[in-house]
Amino acid sequence: MATKLPEPPRIGMVSLGCPKNLVDSERILTKLRSDGYEMSPDYAGADVVLVNTCGFLDSAKEESLEAIGEAISENGRVIVTGCMGKEADVIRARFPNVLAVTGAHQYEEVVGAVHDAAPMPPSAFLNLVPESGLKLTPRHYSYLKISEGCNHRCAFCIIPSLRGDLVSRRPDAILREAEKLIAAGTKELLVISQDTSAYGVDIRKEPRAWKGREVVPHMTDLARELGQLGGWVRLHYVYPYPHVDQVIPLMAEGLILPYLDIPFQHASRSVLRAMRRPANEAKVLERIKGWREIAPDIAIRSTFVVGFPGETEDDFEYLMDWLQEAQLDRVGAFRFEPVEGAAANDLPNPVPEAVKEERYARLMELTARISAEKLGAKVGRTLDVIIDAVDAESGGATGRSKADAPEIDGEVHLRDAGHLAQGDIVRVEIEDADEHDLFGVPHGLPGDRQQPRPPRLHRRCVCGGDAD
């Protein structure tokens, strides 16, 4: 007589905020799946719903509270984790029926709360999980978190109070995870942390054995090793420390993508000092010029804060002049927003909201014009493109060049591409461009079959990644 296995509990997940939160969600789900839990794609089918919150800005907190409220309304059995977990009293005051509240990257506490809320029936057949873990991103790209926390104390940021000081992962553990991801089908590794450049400063004297050699816990050494695993490697959240210069030759060699995500935040020295950020904007311009001499195709993206307390019109004009000279490829901007607990809240001379809006509009107009010019210069070139989505019916496809990170940068829209598959990396002849995107055709196909631009298969606007 066949044995009827018990039905395992089903877990729903709502993941908000930055890619670092997404990695936390993946780790939580991977652990729960390895414990035998099933995943539910909707509220109705879940025995418990996890809400991984963001608490960086007040607007993000409100979005998190709305998500908690929706989960309670639709399901009723909710566990809250993530950055807003630091404000458990706020959450419980608004939603007294939440089952548990835990903080950022408190994996054991989250999993323990799930075990308490929805115990697993005993069974030797339910502990099944893929070797690479469970993912919330498409199979062909993966976020790779290399550290937690941050040692900076930027005036506008509360990340250290939410996630603590820098804690770097062992390099061999990172490389082992990356190797598993690539073996499971990942074509692009997106390296993330709160401060990628600072990776290893807390464990610098602890090299680890990997493939018969020692790997030093340092950004350059880690990038070199990741580049030998066979996939694209993209670096995010890179502070412009002097040793960043050492990774540019790795780009020229093709080991990592010619792409840097650097949160400059401003250019005016007085504003940077008020932000508690390094203020050597002139030297940064010289370094950018040097980087482009070594790796001419390097794409640099950054985020900037407009309307920071005390920012004068002269400060803003200096920033605009700096951007004109820097010619950054991708720019996101934030209007300054007070965050509870941030030191910037106590600074004098707040900028009126109308002035913030006007400066934001001017900055975005300038950077859109620069982007259009830089993308227009790529028309006629042939570029490598990774395919994110294919519409076989229309024959169109959407992908990204080496200059484009998923969700935050532009896209490459292809015609005559219905034969491609998600995750393919193909050569594409660029035929047209606008302010944000490129348009082209897979290289080698007839170019005289002119068709309308394929529709964008997906376009989610994200205005610039983390502000820290």
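**Close-up views of the predicted model**

**View A. The sulfur of Cys150 sits 6.4 Å from its closest cysteine sulfur, that of Cys154, which is too far for a bond.** A disulfide here is a pair of cysteine sulfur atoms within 2.5 Å, and by that rule the count is zero disulfides. Cys154 isn't in one either: its nearest cysteine sulfur belongs to Cys157, 6.0 Å away. Both Cys150 and Cys154 are tucked away from solvent: Cys150 is buried at 0% relative accessible area, and Cys154 is buried at 5%. (Buried means under 20% relative accessible area, exposed over 50%, and partly exposed in between, using a 1.4 Å probe and protein chains only.)

A word on reading these views: this is a predicted model, with residues numbered from 1 along each chain as its sequence is written, and with local features requiring pLDDT of at least 70 and side-chain atom pairs counted only at pLDDT 80 or more, while totals for chains, interfaces and linings use all residues. Side-chain values use heavy atoms, leaving out hydrogens and water.

**View B. The largest cavity holds about 140 Å³ of space.** It is one of three cavities of 30 Å³ or more in the structure. A cavity is a set of points, on a 1 Å grid over the protein atoms alone, where a 1.4 Å probe fits but cannot get out, and lining residues have an atom within 4 Å of a point. Grid points are joined across faces, edges and corners, and the volume is the space filled by probe spheres set on them. The lining has nine nonpolar, two polar and two charged residues. (Ala, Val, Leu, Ile, Met, Phe, Trp, Tyr, Cys and Pro count as nonpolar, Asp, Glu, Lys and Arg as charged, and the others, Gly among them, as polar.)

**View C. The second largest cavity, with about 60 Å³ of space, comes next.** Its lining is made up of Ala299, Asp329, Arg330, Ser371, Lys374, Leu375, Lys378 and Ala403. Three of these residues, the largest share, come from helix α12 (residues 353-376). Helices (H or I, at least four residues) and strands (E, at least two) are DSSP runs, numbered from the N terminus. By class, the lining has three nonpolar, one polar and four charged residues.

**View D. Arg330, one of the lining residues of that second largest cavity, belongs to strand β15.** Arg330 is buried, at 9% relative accessible area. Ile300 is 30 residues away in sequence, yet the two C-alpha atoms are 6.5 Å apart in space. Beyond neighbours within four places in sequence, Arg330 has contacts (heavy atoms within 4.5 Å) that include Ile300, Ser371, Leu375, Ala403, Asp404, Asp409 and His436.

**View E. Lys61 in helix α2 (residues 58-74) is a buried lysine, at 6% relative accessibility.** Setting aside neighbours within four places in sequence, Lys61 contacts Cys54, Gly55, Met84, Glu87, Ile158 and Glu340.

**View F. The loop between β10 and β11 carries Lys211, whose phi is near 55°, a positive value in a residue other than glycine.** Most residues other than glycine have a negative phi. Lys211 is exposed, with 51% relative accessible area. Gly212 is found in the loop between β10 (208-210) and β11 (213-215) too, and it is exposed at 83%. For a sense of scale, Gly212 and Phe308 are 96 residues apart in sequence, with 50 Å between their C-alpha atoms. Another positive phi turns up at Gln327, about 50°, in the loop between α11 (313-326) and β15 (330-335).

**View G. Helix α7 (residues 219-226) is mostly covered, with six of its eight residues buried.** The buried set is Met219, Thr220, Leu222, Ala223, Glu225 and Leu226.

**View H. Residues 445-468 keep a pLDDT under 50 throughout.** (pLDDT is the predictor's confidence in each residue, from 0 to 100.) The model still has 71 contacts beyond four places in sequence for this stretch. Where pLDDT is low, the predicted coordinates should not be read in detail. Over the chain, pLDDT averages 89, and 90% of the residues score at least 70.

Key: 1 Å grid on protein atoms, 1.4 Å probe; cavity = no way out; pocket = protein on both sides within 12 Å on 5 of 7 lines; lining within 4 Å.
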